[in-house]
Amino acid sequence: MRAIWKGAVTFGLVNVPVKLYSATEDHDVGLHQVHDKDGGRIRYQRRCEVCGEVIDYSHIDKAYDDGERTVVLTAEDLASLPVERSREIDVVEFVPREQIDPIMYESAYYLEPDSSSTKSYALLVRTLEASDRVAVVNFSLRQRSRLGVLRVRGDVLTLQGLRWGDEVREPAFPALEKKATISDRELKMAGALVQSFESDFEPEKFTDEYQAQLTVLIEAKLKEGDALDTAATFGEQPEDTRGEDAEVVDLMEVLRRSVEKSRRRA
C-alpha cells in the first residue's frame, strides 16, 4: 500500500502523527470500450468548445456557472482555502457507534503511526476500545471538507468517511403508505426461515460471481476465438420468463418452500 495523505489526529492537546492508506481496493476485471464494427479502442478527448483544441490536464481549471457568469477557479485558488491546507483529523466528539446509520458510511482508510514513538497512537486505540465509542472527526482530503469516524480494527486505527446529513435522501414511496397486514402465521413462518439461515458472517465465504464468470468468458474467448456462443461458455440455457407475473404470489407458500429448501440444504 502507498500512503495517500500525511497529517495528524488531534483530540484535546494530544497529537497523533499518521499516514493515510486506502483500506479497500476494486477487484473488478478491467474493461474498456471498443467500436463494435472493427474493435477499435474508444477514447474520450477533453476538447475546448472555444478553440476546438484537445486540452491536456495540466491546462484544465475548474469553474462555477451561475447561469449568467462563470467564475474560474485555478488549482492555486483551491489550494489557498484554509480547510484545504489543514493536515489534521480533528476529533469533535465520541459517540455510541449504534447512533450512526450505516447508510452514512463512505470510503474506509487505515491510519499508520508516522512517528518513531507510537505511544500517542496506542493511547488513542486504547481510549476508543475502553469507551466502546467511535470518534467523530473533521478532516480534508482531495479538495473536500469531510466528516468521518475513527474506530479500531484489530490494533489499527481506521478512518471511515461519512456523508453529510443533507446528503442522505429521505425515502418517500407511495406504495408503503398503505400498511400491509401480516398474520401471526406468516410472521412465525418467516421467523423459522430466518432461523434456518442463521450463521456467523465470514466474508471469505462469498465470491463475486459476475467477475468469476466474466473471467471464464474472457479465457474462453482467448482460447477459442470470437466466434463463440456466450451462453455455451457457462453451459446454460436461456430462462423462460413467460407468465412469471401471471398470478399473485402466495406469501405463506413462498415462505414454506423457502424453509423446506433451507432445511434440505442443511
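**Exercise 1.** Which residue in β2 is the bridge partner of Gly7?

*Solution.* The model examined here is predicted. Begin with the strand pair: β1 covers residues 5-11, and β2 covers residues 14-22. These two strands run antiparallel and are joined by 7 bridges. Within β2, Gly7 has Val18 as its bridge partner.

**Exercise 2.** Determine how the strands are arranged as a sheet, and state which helix packs on that sheet.

*Solution.* Follow the strand order β1-β2-β6-β9-β8-β7-β5, which describes a closed barrel of 7 strands with mixed pairing. From one strand to the next, the twist averages 40°. Next, consider helix α3, residues 119-131, which packs on the sheet. The strands touched by α3 are β1, β2, β5, β6, β7, β8 and β9. The direction of α3 makes about 85° with that of β2.

**Exercise 3.** Classify Thr10 as buried or exposed, and identify the polar contact made by its side chain.

*Solution.* First, locate Thr10 in strand β1. Second, apply the cut-off: buried means under 20% relative accessible area. Thr10 has 9% relative accessibility and therefore counts as buried. Third, inspect the side chain of Thr10, which makes a polar contact with the side chain of Asp90 at 3.2 Å. Finally, leaving aside neighbours within four places in sequence, the residues in contact with Thr10 are Asn15, Glu88, Ile89, Asp90 and Val91.

**Exercise 4.** Describe the location and accessibility of Asp101.

*Solution.* Asp101 lies in the loop between β5 (88-95) and β6 (105-113). Its relative accessibility is 43%, so Asp101 counts as partly exposed. Asp101 and Leu162 are 61 residues apart along the chain, and their C-alpha atoms are separated by 9.8 Å.

Definitions and conventions:
Residues numbered from 1 in each chain as written. Predicted model: local features only at pLDDT ≥ 70, side-chain atom pairs only at ≥ 80, totals over all residues. Heavy atoms only, no water. Helix = DSSP H or I, 4+ residues; strand = E, 2+ residues; numbered from the N terminus. Buried < 20%, exposed > 50% of the residue type's maximum accessible area, 1.4 Å probe, protein only. Polar contact = N/O pair within 3.5 Å; in protein donor to acceptor, adjacent residues only side chain to side chain. Contact = heavy atoms within 4.5 Å. Pairing = 2+ DSSP bridges. Axes fitted to C-alpha atoms, helices over the stretch in contact; angles between N-to-C directions.
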